[in-house]
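Student: I have a new protein model to look at, and I would like to learn how to read it. Could we go through it together?

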2 protein chains.
Amino acid sequence: GAAARKLQAAVASGGGENSASREAFRVSCVNTLERRLFYIPSFKIYRGVAGLYDYGPPGCAVKANVLAYWRQHFVLEEGMLEVDCPCVTPEVVLKASGHVDKFTDLMVKDEKTGTCYRADHLLKDFCKDKLEKDLTLPQEKVAELKHVVAVLDDLSPDELGAKIKEYGITAPDTKNSLSDPYPFNLMFQTSIGPSGLLPGYMRPETAQGIFVNFKDLYYYNGNRLPFAAAQIGQAFRNEISPRQGLLRVREFTLAEIEHFVDPDDKAHPKFADVATLEIWMFPREEQLSGKSAKKIVLGEAVPKGTVNNETLGYFIGRVYLFLTHLGIDKDRLRFRQHLPNEMAHYAADCWDAEIECSYGWIECVGIADRSAYDLKAHSEKSGVPLVAHEKFTEPREVEELVITPSKKDLGIAFKNNQQMVSQALQAMKAAEALDMKAALESKGEVEFNVCTLGKAVAIKKNMVSISMVRKKEHQRVFTPSVIEPSFGIGRIIYCLFEHCFYTRPSKDGDEQLNVFCFPPIVAPIKCTVLPLIKSEEFDGVAKLISKLLRAAGISHIIDITGTSIGKRYARTDEIGVPFAITVDSTTTVTIRERDSKNQIRVSVNEVASVIKEIIDGLSTWSNVMLKYPSHE
Amino acid sequence: GAAARKLQAAVASGGGENSASREAFRVSCVNTLERRLFYIPSFKIYRGVAGLYDYGPPGCAVKANVLAYWRQHFVLEEGMLEVDCPCVTPEVVLKASGHVDKFTDLMVKDEKTGTCYRADHLLKDFCKDKLEKDLTLPQEKVAELKHVVAVLDDLSPDELGAKIKEYGITAPDTKNSLSDPYPFNLMFQTSIGPSGLLPGYMRPETAQGIFVNFKDLYYYNGNRLPFAAAQIGQAFRNEISPRQGLLRVREFTLAEIEHFVDPDDKAHPKFADVATLEIWMFPREEQLSGKSAKKIVLGEAVPKGTVNNETLGYFIGRVYLFLTHLGIDKDRLRFRQHLPNEMAHYAADCWDAEIECSYGWIECVGIADRSAYDLKAHSEKSGVPLVAHEKFTEPREVEELVITPSKKDLGIAFKNNQQMVSQALQAMKAAEALDMKAALESKGEVEFNVCTLGKAVAIKKNMVSISMVRKKEHQRVFTPSVIEPSFGIGRIIYCLFEHCFYTRPSKDGDEQLNVFCFPPIVAPIKCTVLPLIKSEEFDGVAKLISKLLRAAGISHIIDITGTSIGKRYARTDEIGVPFAITVDSTTTVTIRERDSKNQIRVSVNEVASVIKEIIDGLSTWSNVMLKYPSHE
């Protein structure tokens, strides 16, 4: 751990200054990942498809371990309701959620070749390049370019197009001129069934599958709030031009939680469990005033109003514990609050867990208070109320506004327009109606705008009766708010790879050896069994140990190739195997820890249980070191 | 277990005779599954989409348990290389595999409404209906209809269309006439990237992702055979008219193994481990001669030639162990060999694990020896050789055919056509070339068909030299065979639901209670904690036990509702929770086993470890019963 951090700090610290050394670090890490099949560009023998990657055997094992721990840490520990919905989704669902209309990126086309680019990427690249390379830029130009980069996400298609024209930006590959920007929907479209009449999409997130099931899940939970539902699954985004390797891909695994809560009570009973955590946070104010992230004690962030509510704060703490337990460096992890322009209009508050890697700070988990937006949208579109009920222990008296238009008098006054005036009167908000009531009582007549008629009409006292009626209510019916932590599993895994990667000189110092210092819980394989020398006796012992490890459910490999022991250690260090069992006698063997390279001597019968204790978290290497004789 | 089997035997045994009671059993089971959210028709609030289902909380947990055990039983135990490839697949890959051209069903359309039906389903339904209901049918008509059902899969589009016309079959819903049958490709099509120029599909199976990675995986395995790669993931089939609930769906989870092996040596070192298993098998001969499945000792099936080779036999045994360990009734599981007309032309042998449920015998796992077909297809299409090498310990002498056309003489004779003739000569197979050599030697001239010219030409002795050359080879290069066990996880789970479902009378005998007798390994929740009566003291003990269970990683729920203990037991029996811990004192508690309803008394400190021992398979309920006092 410490060694890796030191090396990475040297390599990756600071901003663009040492981008060359960050680049070198990445090349060395990615080469190791690809050579050892942690991941593979998909369909490589057909020259691949941009933005699609396979996990090879060690990568796939890391992914399975990360997801198993996610289930343990969130679903099991918090008693969440896990569901599993299909990727193929009919259009109506994504129309309701807003994805059909708004899940777009702005695209420009090379006017001659038809090659497509993301408009904002081209503009950003142009500005950054100019700022970096053109040292003669006047001060006001520097300010202008910096401003463009800052407001990039807020620019309309027309504004983006105007800037691209103004700066003379052309297609990067051909220098041809570019089309105007136009929106491209990022969902993969398909058609469900043979008729061709039912359009569908590959889901862009797993959350919608949970929202449409809210009614059943609420019932399953005994009609009680709060509760959380969770889902792990594939999601799809047909990126215009994928880049940054595993970080921006066209298909990825999401793990999402939808925590449903009474909007009037977002306290969390277990908030105290995370209140003492001290975490790097980057609140809105710090960002807007050009300051940097700062360490904040979570328990102080909620009462101070930095974080909107306890439930949001609780999840920030749980996400922090999850990521650091996996092996993410706590000092290269920060929680950044969304700026007002980044947040959807309905969102109450939003924090991203960002992890620093060689590409900069990467958003890996989004934690958003989405208020009641999604449930309301699906209620409206489907006609099925997605609401919760709070039964009162005793009925409560409430005042209700009742507006009763007089059909007869409206008919006489407005003839054919009667109904539209009547509807407009009934649609008045409470405040407006009470104003009208007061005005009618004092003046007897009032001017009233009927938008469906496109004009104002004169309403007289006899035409409508407005009153407050007292009645008894037995329950409150409301749409729950949802707090959504959403995990990009592939991004977390890539950042984990970088945080765990380091190099160290070989014994004779003539080469640099690669190591992944994965914690045992993440390591793709928990131990290697190596006979010290080629011998039938030692091979027999190795096979016996393998059998004991298998019975204990510990993933392992036997390496009985004739290669030198040093080379064989290096080979397993490179895929992050934490322990190596070396068979050098028939009664006792040694266990070597990957990072310290310390070795202890343990009897053949005990070796599986010693390893199991450590990987199950019941013991640590340091404890075990005290208990067994060390081996030099 | 026993009770469930007895009930199901009564309900589901035999053929169509008691289809009413099978239907009743299914309704009762499916109602329980849907009411307790084991699964949910997807997008229900929008009136759903045929063939798409969600797993709700208990179903999702069962699925996770089945997949975890699959990983344990196959990937970990056999040291397989697990990979994880995307669902989105470019056309070229599925063109090579044959799916673009051949993955079709024949469809007919209602000529007025455009509604689509599967042609074979309509014909089959018509025949079965006629056979069941029309008791006046003459003997030869009965024979004809039975024959049509038997050869259904072999009928060409024209033959199917002719039968539909002959029998006057119309659209089931409207009685309108039907179009001629035409092929409909079952893949969901989409487009990759913004250009619209790169067609893609949602994969219909996970296997292709493994085949295209063969070269890297072979290298990862140290260039050694045999080895197996495995993948768990979503697959998609755009069914024309999905039916049979969870059994025929448009999106499903597959778990596939591709075991690569030398075609000259399909022995399996661990075959002895499964040789003594006695399994219901249904070989080709028994099917063709109208006999039924029979119990066969696996160790005898391979030497007798019933099963083609040891590796295939080994997987049949491992699949049998997997399914029965999950809770599939071994007497309602059979391995049926494919008939020659079911098997692809390249397949060497193929066995389906079929499970009997209320719908009949359902194919849940296919185990096929696909020979070298897939690797060869991708080698050819991609130009990348997907081969293995066998290094000889010492070089071997081999004879090789060498064909050397004489450029000069061919040029004189054929001018511009020279090159095509020359290529055709070099493309000759060994036998053809040796025939030509003999003919040229005896007659001096021979007629030779050049298909690129569309005619035969006269080849003379001076135009080509054909000889056998002896040379030394240091290795054998060959395309491995692949043996593929492919698991339909959703189908296995549905059959498991049926095999585990039974009903029993309530204590006062006034209603039937539903129970799922899931083995602990499959059970969605391992135990419930129930305070006997509402009391702060007992609630405290329940919370303590919950904490101990959580620490031991045991999924559980606390039920502190005021309902009677009997009702609370019934509630957890219905989702298959194997153990209930009832808190009736502050020092000791009882554990109740779901199926026997036996109870034992255990101290609060011990209860978590007792449960853990059983669910980890280290102890059994009967063992535990001997150790602790029983509670009446």
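Predicted model: local features only at pLDDT ≥ 70, side-chain atom pairs only at ≥ 80, totals over all residues.

Student: Which side chain of chain B does A:Asp84 meet in a salt bridge?

Tutor: Residues are numbered from 1 along each chain as its sequence is written, chains are lettered from A and ligands numbered from 1 in the order in which they are written, and side-chain values use heavy atoms, with hydrogens and water left out. A salt bridge here is a side-chain nitrogen of Lys or Arg within 4 Å of a carboxyl oxygen of Asp or Glu. At 2.4 Å from N to O, the partner of A:Asp84 is B:Lys63.

Student: In which helix of chain B is B:Lys63?

Tutor: The pair crosses between chains, and A:Asp84 sits in the loop between strand E3 (81-82) and strand E4 (88-90) of chain A. Helices (H or I, at least four residues) and strands (E, at least two) are DSSP runs, numbered from the N terminus.

Student: Is B:Lys63 buried or exposed?

Tutor: Buried means under 20% relative accessible area, exposed over 50%, and partly exposed in between, using a 1.4 Å probe and protein chains only. A:Asp84 counts as buried because its relative accessibility is 12%. The relative accessible area of B:Lys63 is 8%, so this residue is buried.

Student: How many residues apart in sequence are the parts tied together by B:Arg71 and B:Glu82?

Tutor: These two form a salt bridge, with their closest N and O atoms 2.8 Å apart. B:Arg71 is in helix H3 of chain B and B:Glu82 is in strand E3 (residues 81-82), so the pair ties together parts whose separation in sequence is eleven residues.

Student: And how many residues apart are the parts tied together by B:Arg476 and B:Asp262?

Tutor: B:Arg476 and B:Asp262 form a salt bridge, their closest N and O atoms being 2.4 Å apart. B:Arg476 lies in strand E20 (residues 464-478) of chain B, while B:Asp262 lies in the loop between strand E11 (251-261) and strand E12 (278-282), so the parts joined are apart in sequence by 214 residues.

Student: How many salt bridges does the structure hold over all chains?

Tutor: Side chains of opposite charge can pair when their charged atoms come close. Some are linked in a network of salt bridges, namely B:Asp105, B:Arg118, B:Asp120, B:Glu239 and B:Arg248. Over all chains, the number of salt bridges is 85.

Student: Which residue of chain B comes closest to the rotation axis?

Tutor: Copies are superposed by least squares on the C-alpha atoms of residues with pLDDT of at least 70 in both. Chain B superposes on chain A by a rotation of 179° with 0.2 Å of shift along its axis, at an RMSD of 0.8 Å. The two copies are therefore related as by a two-fold rotation axis. At 2.8 Å from that axis (C-alpha), the residue of chain B that comes closest is B:Thr190.

Student: What percentage of the residues of chain A count as buried?

Tutor: Chain A has 22 helices and 28 strands, and its C-alpha trace spans about 110 × 70 × 55 Å along its principal axes. Of its 632 residues, the share that count as buried is 53%.
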